[in-house]
Amino acid sequence: FKAPCFLGDRLLAATWIIKSDGRLLSTRRFEIRQAEDGKLLFDAEVDYACISIASGRPKRFPAEFTERFIVLPAVEEWMQNRSA
């Protein structure tokens, strides 16, 4: 949480994958900003692990996840610049 928003504010929400091992784990980043000035209101990074609902044990990504849960080159570059 960075700053409040109020009823009637126009907000922009974005999410993207910043890390993925392509098998079991991924990290997704979230941001909410004010539409008018781009002021950051909220940001978070959440780690996800793929598990079997039946057993509760780790399970490899389904093919759809492996194909779609990738880190885009522009995001990879942004992450490298952010940590530099």
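Trainee: How many bridges join β2 to strand β3 (residues 40-49)?

Mentor: Two strands pair if DSSP finds at least two bridges between them. Here nine bridges join β2 to β3, and the two run antiparallel. Strands (E, at least two residues) and helices (H or I, at least four) are DSSP runs, numbered from the N terminus. One thing to keep in mind: this is a predicted model, where local features need pLDDT of at least 70, side-chain atom pairs count only at pLDDT 80 or more, and totals for chains, interfaces and linings use all residues. Residues are numbered from 1 along each chain as its sequence is written, and side-chain values use heavy atoms, with hydrogens and water left out.

Trainee: Which residue stands opposite Leu25, and what lies between β2 and β3?

Mentor: Leu25 faces Ala49 in β3. The two strands make a hairpin with five residues between them, and Gly38 in that turn has a positive phi of about 75 degrees.

Trainee: What about β1 (residues 11-20) and β2 (residues 25-34)?

Mentor: They are antiparallel too, joined by nine bridges, with Leu12 opposite Arg33 in β2. Their hairpin has four residues between the strands, and Gly22 in the turn shows a positive phi of about 75 degrees.

Trainee: Is Phe69 buried, exposed or partly exposed, and why?

Mentor: Buried means under 20% relative accessible area, exposed over 50%, partly exposed in between (1.4 Å probe, protein chains only). Phe69 is at 24%, so it counts as partly exposed. You'll find Phe69 in the loop between α1 (63-68) and α2 (73-83).

Trainee: Which residues is Phe69 in contact with?

Mentor: Contact means heavy atoms within 4.5 Å. Leaving aside neighbours within four places in sequence, Phe69 touches Ile17, Ser20, Ser26 and Arg28.
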